[in-house]
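Work through the exercises below with the sequence and the structure open. Try each task before reading its solution.

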Amino acid sequence: MALVTGMWASKTLAVAHELDLFTHLSGTTGITIEACAAHYGIAHRPAEMLLTACAALQLLERRGEHYGNTPLAETYLVRGRPLYFGGWIAMADRREYPAWLRLKDALHSNRPLTWNPDRQASLFDGEDPSLVATFWEAMYALSITTADLFADAVDLSGVARLLDVGGGGGANDIALCRRHPHLQATVFDLPFVCALTRPKIEQAGLSDRIHLAEGDFFADAELPGGHDAILLSKILLDWKENDCLAIIHKCFAALPPGGKIVITDLFVDDSKDGPVDAALMSLNMLIETWGRNYTAAEYRHWLVTAGFTGVQTVRFEAPAANGAVIGHKR
């Protein structure tokens, strides 16, 4: 029953977010059912049902006749908060839920459903600009809630210059630069992604330490040099195995002797029977991309194939990642 009704909970959250309910309630004593109905121009019955459902999901809490944000909602669902998660909610609701309803089609076609590969050269080609912006806001939202936990788990204290390949949004770079005052980072991504990333870096006050390099890791002959570590965070799951290996080879070529590569993602277990979040994210890649969520063993094999040594896996638990595979270039 919990599996069957999972969509009910996620859609309740998505609609409440779309109505800006949590932002509206931020800093207030809460809202009554009557005031909610009047504010949104809806009847008393649906207003009561929405507030009750949000309270049951621990997004709101009842205070007498008023409903107010829980600490969870205040932290993650209020626009402008540092850990605001709304971009991911909006993207899932607008882009992914409709495709998930056609999952059987994806199983038979083995093709993405959120975009048309016959008409679009890439995921974002010809896409609605507002949806593209929402997508990258979602990627930032997912990454920022994971970045500090990643920074806790992976020791980059000896790294002076980090190249974040496909690091649009800059969430990891922001977290890492705050953690390591000596660190300089470069986000390498497509031009329009760099444009969307720049405000995030400026808002963090790190424009002097986090730089942007426009490029395409497939089209460009080589990656920017001059870095002693390369980060691939939630990048390789978008691509087929051969493409992943090609990207890793370019990373190896761009690193100096003594450099290292860090791949962090939501890894499927080596036994390929879990965990649930990674397995379902992998199915999400079926409707979105040509890739899947890979195992740590697969990443270790690719790193060794590319020439990296001393390959190790570090485990941690976060919303968008559960570990990192690290390799070194002699």
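The model is predicted: local features need pLDDT of at least 70 and side-chain atom pairs count only at pLDDT 80 or more, while totals for chains, interfaces and linings use all residues. Residues are numbered from 1 along each chain as its sequence is written, and side-chain values use heavy atoms, without hydrogens and water.

**Exercise 1.** Find the order of the strands in the open sheet of seven strands.

Solution. Start with the terms: helices (H or I, at least four residues) and strands (E, at least two) are DSSP runs, numbered from the N terminus. Two strands pair if DSSP finds at least two bridges between them. The order is then β5-β4-β3-β6-β7-β9-β8, and the pairing is mixed. Next, look at the edges: β5 (210-214) and β8 (309-315) each have a single partner strand, so one side of each has no neighbour in the sheet. Leu 163 stands opposite Ile 230 in β6.

**Exercise 2.** Locate Lys 234 and Lys 272, and decide whether each is buried or exposed.

Solution. Lys 234 lies in the loop between β6 and α11, and Lys 272 in the loop between β7 and α12. Phi is about 55° at Lys 234 and near 55° at Lys 272. Most residues other than glycine have a negative phi. For accessibility, buried means under 20% relative accessible area, exposed over 50%, and partly exposed in between (1.4 Å probe, protein chains only). Lys 234 has 17% and therefore counts as buried; Lys 272 has 51% and therefore counts as exposed.

**Exercise 3.** Describe how the ring of Phe 217 is placed against those of Phe 218 and Trp 239.

Solution. Rings of Phe, Tyr and Trp (its six-membered ring) pair if their centres lie within 6.5 Å; planes under 30 degrees apart count as stacked, over 60 as edge-to-face and the rest as tilted. Phe 217 and Phe 218 are 5.0 Å apart centre to centre with 80° between the planes, an edge-to-face pair. For Phe 217 and Trp 239 the centres are 6.1 Å apart and the planes at 90°, so this pair is edge-to-face. It links distant parts of the chain, 22 residues apart: Phe 217 is in the loop between β5 and β6, and Trp 239 in the loop between β6 and α11.
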